[in-house]
Amino acid sequence: MSDVLAPALSELARIAEGLRSESATLRTELEIRSAQARVRRQLDEVLRVMRELPPESKKRLGQAANQVKAEVEDIVSARLRALTAEEQAADLARTVDVTLPGRAAPLGHLHPITQARRDIERIFGELGFEVATGPQVETDFHNFEALAMPKDHPARDMQDTFYVTDDVVLRTHTSPVQVRVMLRQPPPVKIICPGVVYRRDDDPTHSPMFHQVEGLLVDTNVSLADLKGVLLHFVRRFFGADFSVRLRPSFFPFTEPSAEIDLLCVFCRGQGCRTCKSGWLEIGGSGMVDPEVFRHVGYDKYDVTGFAFGMGIDRMAMLRHGISDIKLLFENDVRFLRQF
Ligand code: 2U9
């Protein structure tokens with residue numbers, strides 16, 4: 001036997017023996033696979049001498065090599081099966097205390113703005129107000145004209161927005177929803193309209209997109225006292241029974257008379273503090289619907305009167321939770337949001 005074949009054959013035997021003894025120590029699939037790869041490289045190494053051998057020896061070495069290769073595969077697959085069986089046995093042996101509570105799936109919760117919106121809808125629902133919604137992309141007529149703000153009306157500057165075309169805008173308030181409801185149904189009307197609105201505003205307390213809720217009640221003999229009563233009920237249900245509202249004369253193109261809605265300061269309860277100065281915090285605007293608006297929707301101003309109000313939902317959530325920067329509500333930082 002040539003001095004090439006003999007060492008090659010003994011090397012094959014050594015490799016096979018090595019794996020046999022090593023296989024029991026291979027604890028993971030990764031270890032088994034890397035041992036398998038290493039042995040294959042070693043076998044290729046041995047077979048490099050093949051070209052130096054005469055045909056007969058070639059044949060012998062080839063057979064011996066194939067035998068070792070087959071054995072290697074057997075050892076590997078047997079070891080893998082054993083490993084799986086061990087893991088299963090360990091699994092089965094593991095005592096599971098079924099009385100232990102399962103791992104609670106982390107429950108998310110509603111965004112503070114959604115919580116505020118739902119509370120607002122529920123509270124006004126108690127008073128018989130239905131929820132009406134409408135498109136965020138609105139016509140100039142529904143968003144401005146019908147609300148007594150013709151093309152060049154100065155109040156439009158207060159409500160600057162994003163223009164899709166000269167006559168199509170991102171709505172600046174949800175009032176167009178009330179206009180659409182009045183255009184499609186006769187009075188009485190008793191609705192609140194929550195939703196997303198847009199303004200070209202961007203500072204710590206204003207965002208270009210925010211949430212608003214407006215309310216409208218149109219019927220015979222609706223008065224300012226009805227408006228104040230409804231707002232009082234609302235703030236007591238939303239902020240707490242010991243809160244009150246104050247109506248402060250103001251001006252809006254679509255209401256006459258008009259009044260800002262002031263809430264007793266949530267921080268100092270009316271004593272006056274560096275946030276409110278006056279003991280009151282402005283939470284929105286309101287007033288008696290201007291007859292000009294009724295003209296645009298085809299209501300007879302001699303038949304009906306109505307009150308309307310508007311409030312920022314984000315602002316309500318900020319006041320209720322003492323949040324100072326509106327941006328926190330839109331940055332989706334769960335460390336902040338999971339507090340509510
Ligand atoms: C119709 C007629 C009248 C709704 C009103 C306000 C005053 C108001 C602001 C409050 C905070 C907008 O979110 S905010 O920035 N709104 O001050 N809104 S009266 O008046 C209407 C609405 C619809 C048909």
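Predicted model: local features only at pLDDT ≥ 70, side-chain atom pairs only at ≥ 80, totals over all residues.
1. Local features need pLDDT of at least 70 and side-chain atom pairs pLDDT 80 or more, while totals for chains, interfaces and linings use all residues. Residues are numbered from 1 along each chain as its sequence is written, and side-chain values use heavy atoms, with hydrogens and water left out.

2. The structure holds nine aromatic pairs (rings of Phe, Tyr and the six-membered ring of Trp, centres within 6.5 Å; planes under 30 degrees apart are stacked, over 60 edge-to-face, the rest tilted). Phe238 and Phe239 are edge-to-face, because their planes stand at 75°, with the centres 4.9 Å apart. Both residues are buried (under 20% relative accessible area; exposed is over 50%, partly exposed in between; 1.4 Å probe, protein chains only).

3. Phe294 and Tyr299 make a stacked pair, 6.0 Å centre to centre with 25° between the planes. Phe294 is buried at 1% relative accessibility, and Tyr299 is buried at 9%.

4. Ring pairs join Phe124, Phe129, Phe234, Phe238, Phe239, Phe243 and Phe309 into a cluster. Lys190 lies over the face of Phe129, 5.5 Å from the ring centre, and Arg320 over that of Phe238, at 4.1 Å (NZ of Lys or CZ of Arg within 6 Å of the ring centre and within 35 degrees of the ring normal).

5. An open, antiparallel sheet has three strands in the order β2-β4-β3 (strands are DSSP runs of E, at least two residues, numbered from the N terminus; two pair if DSSP finds at least two bridges between them). β2 (137-139) and β3 (163-165) are at the edges, each with a single partner strand, so one side of each lacks a neighbour in the sheet. Three bridges join β2 to β4 (residues 168-170), and Glu138 stands opposite Val169 in β4.

How values were computed
Helix = DSSP H or I, 4+ residues; strand = E, 2+ residues; numbered from the N terminus.
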